[in-house]
Amino acid sequence: MNMKTMLAALQGITAYKDILSQPVMECALRLVTRTVHGDGLGGLEAYTDLFYRLRMEGCAGLGVWLGQALRWSESPYPRLAEREDRDPALEQAARLDISAFELLASVDCDKWLAQLGRLLDSDYQGVLTSLPRWQGGVPFSFDGLTRAYQQEGAGRFARYQAFVWDSGELIPVARPDCPAASELLGYDNQRIEVERNTRALLEGRYVNNVLLYGESGTGKSATVKNLLTLPGMEELRIIEADKENLGGLPALIRTLDGRRQKFIVFIDDLTFDRDDPTYSVLKTILEGGVERRPQNVAVYATSNRRHLVRQTISERAGDEMDRSETIREKTSLADRFGVRILFQGLNKPEFLALVDMLAEQHRVELPQEELHRQAMAWERFHGAQTPRTALQFILSL
């Protein structure tokens, strides 16, 4: 094992610079550097730090961690391979980098501890013998990684399906809350329309933005999140953003252009007050300015209001010209959603039919007449005639 050769190779990393700044790799580099420079105590500290970092990342070995870091890297070569473009200089740099990482991963813990044992005096031999080991092996290769980039994409958008946009940061969601089809109650025609628009997006077509509006509890948000569970939606990604966090979102959307995945920017419970500063930001997101919205991005929003912006009595009572202009301005935002889908409350027969279905699913044993009487009493005191109200009633029994 030539430590100097390994250190030189790692210091020459050029295509995967992002991996060098990650805590696990920083510990590994420190271990190699301290060992080469004959610093036994520094090497021992780096070894224990490396074991700790690997366990913090949930990885049994350094090779496992490196394989994951390379697979989900956002560096230039994975993006190049994802697009199936060619850049011989970048390809050669990536090949050399991965060879260096393979060399690092191939060194097992016994070799590291033997090297440290030669640098430390006999007082440390007992400590070295009792130190924990991480798993060895090199579970990655240049060709294997390249195939994965080409077939499945690169970076965080290949790894995760859902994200939250929060304070200018895109946060991956490892386990998104996506209701199954069996959990969606009613509104089949509305869901079909949302799905149709989304499949057109996945086909690479430039599609309409979608506004789902209507009563609370009708399943508007669930309809959007359920899209991730449908067959054929593997390339779909959802980025959820609160109305208060729209700042910086136009810049993020710009970076999505050219990615192989298709993106829904999802804004839940969207309503604006008068003079809301984020109103103009959303207008820019929906239609853009000089720059057009990327073809692989659409905005889906839910709201309890058809026109999104609250109107006051004073606005409606102004002079005729001013009132007309105010109303047009406030309704123009909703008009920027080319698809507007109404989720209205159920009528009484539909509501009771849903109660009957849920009662059967949850094995509620009540005479139908009594069940309906209690359901209507619950509805009067707890909400509207919606799927949410029906489910809450059944769960209360």
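This report walks through the aromatic pairs, the sheet and a helix packed on that sheet in a predicted model.

**Aromatic rings**

Let's start with the rings. Searching the whole structure turns up eight aromatic pairs. Take Tyr 77 and Phe 142: their ring planes sit at 25° with the centres 5.5 Å apart, so this pair is stacked. Tyr 77 belongs to helix α6 (residues 76–83) and Phe 142 to helix α10 (residues 142–152), so the pair ties together parts 65 residues apart in sequence. Both Tyr 77 and Phe 142 are buried.

Phe 157 and Phe 163 make an edge-to-face pair. Here are the two pairs side by side:

| Pair | Centre to centre | Angle between planes | Arrangement |
|---|---|---|---|
| Tyr 77 and Phe 142 | 5.5 Å | 25° | stacked |
| Phe 157 and Phe 163 | 5.1 Å | 70° | edge-to-face |

Are Phe 157 and Phe 163 buried or exposed? Phe 157 has a relative accessibility of 3%, so it counts as buried. Phe 163 comes in at 1%, so it counts as buried too.

Tyr 206 has the charged end of Arg 292 sitting over its ring, 3.9 Å from the ring centre.

**The sheet**

Now for the strands. Seven of them form an open sheet with mixed pairing, and the order is β2-β1-β4-β5-β6-β3-β7. At the edges you'll find β2 (169–173) and β7 (339–343), each of which pairs on one side only. From one strand to the next, the twist averages 20°.

Zoom in on β1 (residues 162–166) and β4 (residues 236–241): these strands run parallel and are joined by four bridges. If you want a spot to look at there, Trp 165 stands opposite Ala 241 in β4.

**A helix on the sheet**

Which strands does helix α12 touch? Helix α12 (residues 188–202) packs on the sheet and touches β3 (210–214), β4, β5 (262–267), β6 (297–303) and β7. The direction of α12 makes about 155° with that of β7.

With a relative accessible area of 17%, Gln 190 falls under the 20% cut-off, so it is buried. Leaving aside residues up to four places away in sequence, Gln 190 touches Ile 341, Leu 342 and Phe 343.

Note on methods:
Residues numbered from 1 in each chain as written. Predicted model: local features only at pLDDT ≥ 70, side-chain atom pairs only at ≥ 80, totals over all residues. Heavy atoms only, no water. Phe/Tyr/Trp six-rings, centres within 6.5 Å; stacked < 30°, edge-to-face > 60°. Helix = DSSP H or I, 4+ residues; strand = E, 2+ residues; numbered from the N terminus. Buried < 20%, exposed > 50% of the residue type's maximum accessible area, 1.4 Å probe, protein only. Lys NZ or Arg CZ within 6 Å of the ring centre and 35° of its normal. Pairing = 2+ DSSP bridges. Axes fitted to C-alpha atoms, helices over the stretch in contact; angles between N-to-C directions. Contact = heavy atoms within 4.5 Å.
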